[in-house]
Amino acid sequence: MGIKERGQRQRQTLRSGILAAAREIASTEGWRAVTIRKIAAYVEYSPPVIYEYFDSKEDLLLELVREGYAGQLEAIEKARNSSNDPEEALLAMARTWCRFAFESPDLYQVMYGLGGVSFPVMELQKEGEKIAGTMAEVLEEILVENGKETKDVWTKVTLAWGAFHGLVALAMAGRLQGGNEEAEKLTDQAARDLVNAWLAA
């Protein structure tokens, strides 16, 4: 391995370490506690070194947002492909939504502006468009198979998204009796109820 390649690998390793440090601090102390100075201390470098990789704390957090949405999209697409039946696929996607959130709560919080994290709405919306698109494809299949109109499919996606996210957020805030397990159960029920209501209309 050449000097240049070794240097690039070292930079990538440190960059990944910086992101991991931010997540670790958030997991133990909350996102409000995440600062460049604290991250620097965690990776045992000075704050100016962190700024060589990220222009600001917001820049660093946006990178984690992108990583989070990429991971959630991968999980949602895998669930989508788990069944040839679009209704079963949608239920699998709903369950996957919860599992992703509860397995990576720090990422989910930064992705969806929970725990004191704040980003411009359009930035978050842009990152979530592919997930919404995957959900829209499945809903369209369900509607077409049942002879229903698909013109308001994006409204339906928003309703489903709001239901899934709302239940996750309630569980994360400790406002849901039964916690994560109850959130998963109710998310599955919400997906079923929404589909039944749309097909009955």
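The legends below describe several close-up views of one predicted model.

In this predicted model, local features need pLDDT of at least 70 and side-chain atom pairs count only at pLDDT 80 or more, while totals for chains, interfaces and linings use all residues. Residues are numbered from 1 along each chain as its sequence is written, and side-chain values use heavy atoms, with hydrogens and water left out.

**View 1. Helix α4 packs against helix α5.** Helix α4 covers residues 57–80 and helix α5 covers residues 86–103; helices are DSSP runs of H or I with at least four residues, numbered from the N terminus. Their axes, which are lines fitted to C-alpha atoms over the stretch in contact, lie 8 Å apart at an angle of about 150°, where angles run from 0 to 180 degrees between N-to-C directions. The two helices are therefore roughly antiparallel, a term for angles over 145 degrees.

**View 2. Residues of α4 meet residues of α5.** On the α4 side, the residues in contact (heavy atoms within 4.5 Å) are Gly 68, Gly 71, Gln 72, Ala 75, Ile 76, Ala 79 and Arg 80. They meet Ala 89, Ala 92, Met 93, Thr 96, Trp 97 and Phe 100 in α5. By class, this contact has eight nonpolar, four polar and one charged residues; Ala, Val, Leu, Ile, Met, Phe, Trp, Tyr, Cys and Pro count as nonpolar, Asp, Glu, Lys and Arg as charged, and the others, Gly among them, as polar.

View 3. Lys 156 is buried, at 8% relative accessibility, whereas Asp 152 is partly exposed, at 32% (buried means under 20% relative accessible area, exposed over 50%, and partly exposed in between, with a 1.4 Å probe and protein chains only). Leaving aside residues up to four places away in sequence, Lys 156 touches Leu 139, Leu 143 and Trp 198.

**View 4. Glu 184 and Arg 99 form a salt bridge between two helices.** The closest N and O atoms are 3.7 Å apart. Because Glu 184 lies in helix α9 (residues 179–200) and Arg 99 in helix α5, the pair ties together parts that are 85 residues apart in sequence.

**View 5. Arg 15, Glu 63 and Arg 66 are linked in a network of salt bridges.**

Note on methods: Parallel < 35°, antiparallel > 145°, perpendicular 65-115°, else oblique. Salt bridge = Lys/Arg side-chain N within 4 Å of Asp/Glu carboxyl O.
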